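Subject: Structure for you to look at, with notes

Dear colleague,

I am passing on the structure below, together with some notes on what turned up in it. Please read them with the structure open beside you.

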Amino acid sequence: MNVGVSTSSPLPPPSDTSVVTSTFSTVDYVVFILLLVLSLAIGLYHACRGWGQHTIGQLLMADRKMTCFPVALSLLATFQSAVAILGVPSEIYQFGTQYWFLGISYFLGLLIPAHVFIPVFYRLHLTSAYEYLELRFNKAVRVCGTVTFIFQMVIYMGVVLYAPSLALNAVTGFDLWLSVLTLGIVCSVYTALGGLKAVIWTDVFQTLVMFLGQLSVIIVGSAKVGGLGHVWDVASQHGRISGIELDPDPFVRHTFWTLAFGGVFMMLSLYGVNQAQVQRYLSSRTEKAAVLSCYAVFPCQQVVLCMGCLIGLVMFAYYQEYPMSTQQAQAAPDQFVLYFVMDLLKGLPGLPGLFVACLFSGSLSTISSAFNSLATVTMEDLIRPWFPQFSEVQATMLSRILAFGYGLLCLGMAYISSHLGPVLQAAISIFGMVGGPLLGLFCLGMFFPCANPPGAIVGLLAGLIMAFWIGIGSIVTSMGSSMAPSHPNGSSISLPSNLTTVTMTTLMPSTTLSKPAGLQHLYSLSYLWYSAHNSTTVIVVGLIVSLLTGGMRGRTLNPRTIYPVLPKLLALLPMSFQKRLHCRSCSQDLSMDTAMFPEKMSNGMLRGSRDKEAMAVPEEGSAHQASSPTFILQETSL
């Protein structure tokens, strides 16, 4: 398969019939309004329950008493935005099922957070993920990480609110600014008043709505075209069922390796170190509940991915039997699904309203998580360290004001998005660009004991520069081709009025037949490798700067902030190998100490051994034993 070339058959020709913009029935409006009312009611319930007695811990961390089930569904809903609901079926409809292999990356993308990031974060009893950066490095690194995250989310959340509302307005005639204002205000109110507990439980409700909305489309659509078996046959006949593409070229947009392994880094940036997800892990009742919630997300993610792919296949089979109109054929990719749903469900009152409720549930869950996480990091990382004299009541009130303030900022960003035009594509892509460097910063601190604060700051800056260089370069190259097909690794959604082409990594791209050369070849790196490339840049540059500036010499290293990768791997070896490595490590350690500090060895060996034993004592609840040889190896690496 060539770069960016679809080998499937062309899309069905449009019919000559025109399509009048679909309108909602009374039942549809009732279903949609019911979603907003129930979401608001859940938030107000948790706000009124114990009003006046709320603490900052209850508001931001749900008092750390959440169980596995609601946390798992909230983790699923947080980044299952309306963009994904519209984007995945559109990708399958246009390019086939190759994207389905992304599900393979979910295994490592959730297993690593469950056994690496969650234990470290949970045992440090954090509120903000960026507290870890101060414990591992210093306050300056913490502030850099926090500011980067705030920039990422503020730019992103307005677009998440505006873009789906614009697509919905184009297809259904649903008032654009009425939907934007309604979503923004409802979300701001229940997030500010109810806190994290309200956000999690509304996420549970909205996840069920998303599931029902997509399931209704699959059932009705497959029934109209003759069943799922017929859908699969039609897709196979027209080349929409993709095989395994084993091309290792990272510049090919979608291959097995890109989806299965490049997707792992994308998942880690979302489920490993993003504050919106970390906050949910830390709100769990126990560490075991946090790990189980991460496990529970895996099958849920697979179901969501399968449903999105099935909608794309059903849509393809449907339009083989019922040719699309000229208006539909000329629609932007993000509008395909909405046109299909309105066409499919137009004779079934209530179901179009259910799907729109599903779409807006995706927006609500993502935006509310953004508000809550932004309020948390602003309060914990930027305000409380500088104003520790705030009382519990003052801190709680200020947190509510911050959450509501970010809601108003989101509405402002949505308004700005309406005037950005082509620049909007850069705003949307920033979310993906920043995730990789932040992942690299946390990995640098957690896996490399020699990394120091200067290395962390310079590494983060290098990662961000690399991310924006490649990301913006890809967008500018795509914009330069203007009317030509979009860049093979960007994603284009054509929006009406003053918005032209918007490149979005979460929606799927057009294709191009020409292969870029020179520096433009670098810009054609598959978007799924962005996180891996940028996080690796942070780690490599951070390590080089750390070694050049003396590592951690003269600085205090908190052993609880380090994840012992080498000891964990060696623990998987047979016991005989562990004993050999244990003896060799001990002898090398003693000979090194004798050579470097001969004057101290005679009278300080006992004290040094006691110090090592003290540092090797595991935290409460840890499965390690103090007698294990892995602790000596850990000390050697430190």
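Which residues of α1 are buried? Please keep in mind from the start that this is a predicted model, so that what follows describes a prediction. In α1, the buried residues are Asp28, Phe32, Leu35, Leu36, Ser39, Ile42, Gly43, His46 and Ala47, and the buried residues of this helix pack against α8 (176–225) and α15 (351–383). The length of α1 can be checked as well: the helix has 23 residues (residues 26–48), which at 1.5 Å a residue should span 33 Å, and its end C-alpha atoms lie 32 Å apart, in agreement with that expectation.

For the chain as a whole, there are 24 helices and 2 strands. Buried residues account for 57% of the 638 residues in the protein chain.

Helix packing

Two packed helices are described by the angle between their axes and the distance between the axes.

The axes of helix α3 (residues 68–78) and helix α12 (residues 287–321) come within 8 Å and cross at roughly 45°. An angle between 35 and 65 degrees counts as oblique, and α3 and α12 are therefore oblique to each other; their crossing is right-handed. On the α3 side the contact is made by Cys68, Val71, Ala72, Leu73, Leu75 and Leu76, while α12 brings Ala289, Leu292, Ser293, Cys294, Ala296, Val297, Cys300, Gln301 and Val304. Sorted by class, the residues of the contact of α3 with α12 are 13 nonpolar and 2 polar, with no charged ones.

How is α5 arranged relative to α12, roughly parallel or roughly antiparallel? Helix α5 (residues 105–123) and α12 pack at an angle of about 160°, and their axes are 9 Å apart. Since angles over 145 degrees count as roughly antiparallel, α5 is roughly antiparallel to α12, and α5 passes α12 in a right-handed crossing. In α5 the residues that take part are Tyr106, Phe107, Leu110, Leu111, Pro113, Ala114, His115, Ile118, Pro119, Tyr122 and Arg123, and they meet Glu287, Ala290, Val291, Cys294, Tyr295, Val297, Phe298, Gln301, Gln302 and Leu305 in α12. The contact of α5 with α12 divides into 16 nonpolar, 3 polar and 2 charged residues.

The remaining pair is helix α7 (residues 139–172) and helix α16 (residues 392–417), whose axes come within 8 Å and cross at roughly 65°, again with a right-handed crossing as α7 passes α16. The contact is made by Ile150, Val154, Ile155, Met157, Gly158, Val159, Leu161 and Tyr162 of α7, together with Tyr406, Leu409, Cys410, Leu411, Met413, Ala414 and Ser417 of α16. By class, the contact of α7 with α16 has 13 nonpolar and 2 polar residues and no charged residues.

Individual residues

In the loop between α2 (56–61) and α3 you will find Ala62, which has a positive phi of about 55° although it is not a glycine. Ala62 counts as buried, because its relative accessibility is 1% and the cut-off for burial is under 20%. Arg64 is placed in the loop between α2 and α3, and Arg64, although not a glycine, has a positive phi of about 55°.

Ala370 is found in helix α15 and is buried, with a relative accessible area of 3%. The C-alpha atoms of Ala370 and Phe79 are separated by 9.9 Å, although these residues are 291 residues apart along the chain. Leaving aside residues up to four places away in sequence, Ala370 touches Met153 and Met157.

Which residues does Met433 touch, not counting residues up to four places away in sequence? They are Ala467, Phe468, Gly471, Ile472, Ile475 and Asn534. Met433 itself lies in helix α17 (residues 424–447) and is buried, with a relative accessible area of 3%. Between Met433 and Ile470 there are 8.9 Å in space, C-alpha to C-alpha, and the two are 37 residues apart in sequence.

Key. Residues are numbered from 1 along each chain as its sequence is written. This is a predicted model: local features need pLDDT of at least 70, side-chain atom pairs count only at pLDDT 80 or more; totals for chains, interfaces and linings use all residues. Side-chain values use heavy atoms; hydrogens and water are left out. Helices (H or I, at least four residues) and strands (E, at least two) are DSSP runs, numbered from the N terminus. The expected span of a helix is 1.5 Å times one less than its number of residues. Buried means under 20% relative accessible area, exposed over 50%, partly exposed in between (1.4 Å probe, protein chains only). Contact means heavy atoms within 4.5 Å. Axes are lines fitted to C-alpha atoms, for helices over the stretch in contact, and angles run from 0 to 180 degrees between N-to-C directions. Angles under 35 degrees count as roughly parallel, over 145 as roughly antiparallel, 65 to 115 as roughly perpendicular and the rest as oblique. A crossing is left-handed if the near helix is turned anticlockwise from the far one by less than a right angle, and right-handed if clockwise. Ala, Val, Leu, Ile, Met, Phe, Trp, Tyr, Cys and Pro count as nonpolar, Asp, Glu, Lys and Arg as charged, and the others, Gly among them, as polar.
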